[in-house]
2 protein chains.
Amino acid sequence: MAALDRSLISRLPLFQGMAPEEQSEILRGARSSRYAKDSSIFEQDTEAHSFYVLIAGHIRVVRTTPDGQQVIARYISEGEIFGVAAALGRTTYPASAVAAVDCVVLAWPNALWPELARRFPTFGSTTYRTVGNRLQETQTRVVEMSTEQVEQRVAHALLRLANQTGRNTESGIEIDFPISRQDIAEMTGTTLHTVSRLLSKWEESGIIVSGRQKVTVKDAHRLVVLSENRTKG
Amino acid sequence: MAALDRSLISRLPLFQGMAPEEQSEILRGARSSRYAKDSSIFEQDTEAHSFYVLIAGHIRVVRTTPDGQQVIARYISEGEIFGVAAALGRTTYPASAVAAVDCVVLAWPNALWPELARRFPTFGSTTYRTVGNRLQETQTRVVEMSTEQVEQRVAHALLRLANQTGRNTESGIEIDFPISRQDIAEMTGTTLHTVSRLLSKWEESGIIVSGRQKVTVKDAHRLVVLSENRTKG
DNA sequence: CCCCGAGTTTGCGCCAGCGCAAATTCTCCC
DNA sequence: GGGAGAATTTGCGCTGGCGCAAACTCGGGG
């Protein structure tokens, strides 16, 4: 903890509106760790012992089916809380969390959750607001998978990534962590082949530029048009 | 409230492990209402003013897309809490709730949530456990839609309905509220035609019997086999 | 600097499941 | 008891997107 930049941490949305001494109190219970790229912070279906805040990096939350297929539930960005099994009364993690790049996280033992939530209501309600957002996002994804074509879903996914984790560069909005065609396929319920074909097409028409594990959105507006392109119904 | 059977209410899982006087205290803030079949308890995207517990009946939670397509998010059974926007810091409902049959519900003004959650931690944590379950179920649904064929998804949906709201009869497990082919289609991301074809096939092989807005599972085991039948991957 | 392997692209054939349309059967209301 | 509308069934043709396979390309490690 001592090594971490306190001012950086106190700027996190999770701690907004809390007095500095309250923040310190909460942070006292945490321990920080680093995770190398591709290492896992926790594994699906294992005993949940901690909840986390991502201080630096990007994390992929993945669910694996019994026959080994993977589905990416979401990406976690800096400042977000994750692995909140404790807050929802679960004893195991429903998915695995894997570092998409080298990461720094804070971890609290689950045993501390009840006390923290009681003593710092802001902390609790911010967490539950996050849970609410995720529930709604997940439901939105169900709706998309039920009603949209693959092209629209991939367009939506890219737009979401660009908004949540996009970095503005001279050439457009670049997704600032390595993401493969396979990853995008696992986010949208399709195959890497189909994603590759779509990205090729979009690159040809100047909507994006892409490379190995890299996508830059050049023309978000046209992507929005694609994502709304009704074909069913 | 006075008219309602107190013993029935105190038996709800939501109130388990609470002293009778605590239950009374909580119930004091509630008001009960009836909703006729097909009437809506609340509407998507409207200001959230209350949270609810279903005392009797079945409720369909539906999300409608901008172009009018509907997706059934879930069914609510007796005893479940729903419309918990307040607990998740939301100001509007993300979906509509429609009575699948005539219903009786208890409603609390959202303003009461913080106080209730603070004074009755059991009540709060039970609610959040429910939210956790729903988040996980919703994610499971995303995984299913990503990795399974339509036949498996419909089989899963029927099994889930049979488990959650099934009524044992001499001829099998009957889903005890009216459910159309269209409803099943909206739960599984397919069309009523495809659902109809599947149910016809299953009826022919004796796995189910079905009629107008009615499905009875006769051979759950074979349905499980179908739901696990790997074809992709 | 070159090689290896992971990531990507692209072609080709096929089929699950959708859209459309029409016929049929309940069920409830008059 | 009969009619009307809603729900369901079924046929048919088509296609989006998947599976398979092979070629290619990039980037990092030796």
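**Close-up views of a predicted model**

**View 1. Phe42(A) is placed opposite Ala97(A), a residue of β7(A).** The model is predicted: local features need pLDDT of at least 70 and side-chain atom pairs count only at pLDDT 80 or more, while totals for chains, interfaces and linings use all residues; side-chain values use heavy atoms, with hydrogens and water left out. Residues are numbered from 1 along each chain as its sequence is written, and chains are lettered from A and ligands numbered from 1 in the order in which they are written. β2(A) and β7 (residues 96-99) of chain A run antiparallel and are joined by 2 bridges. Strands (E, at least two residues) and helices (H or I, at least four) are DSSP runs, numbered from the N terminus.

**View 2. An open sheet of 4 strands in chain A has the order β2-β7-β4-β5, with antiparallel pairing.** Two strands pair if DSSP finds at least two bridges between them. The edges are β2 (40-42) and β5 (70-76) of chain A; each has a single partner strand, so one side of each lacks a neighbour in the sheet. From one strand to the next, the twist averages 30°. Helix α4 (residues 121-147) of chain B packs on this sheet, where it touches β4 (59-64) and β5 of chain A, and its direction makes about 130° with that of β5(A). Axes are lines fitted to C-alpha atoms, for helices over the stretch in contact, and angles run from 0 to 180 degrees between N-to-C directions. Contact means heavy atoms within 4.5 Å.

**View 3. DNA strand D is surrounded by 18 residues, the closest being Thr190(A), Thr194(A), Arg212(A), Ser196(B) and Arg212(B).** A residue is near the strand if one of its heavy atoms lies within 4 Å of it. Of the atoms of DNA strand D within 4 Å of the protein, 58% belong to sugar and phosphate. A phosphate oxygen of DNA strand D lies 2.3 Å from a polar side-chain atom of Thr194(A); for an N or O atom in the side chain of Ser196(B), the distance to a phosphate oxygen is 2.5 Å. The elements giving two or more residues to this surface are α7 (192-204) of chain A and α7 (192-204) of chain B. The largest share, 5 residues, comes from α7(B).

**View 4. Arg134(A) lies in helix α4 (residues 121-147) of chain A.** Arg134(A) is buried, with a relative accessible area of 10%; buried means under 20%, exposed over 50% and partly exposed in between (1.4 Å probe, protein chains only). Leaving aside neighbours within four places in sequence, the residues in contact with Arg134(A) include Arg74(A), Ile76(A) and Leu135(B).

Notes:
Polar contact = N/O pair within 3.5 Å; in protein donor to acceptor, adjacent residues only side chain to side chain.
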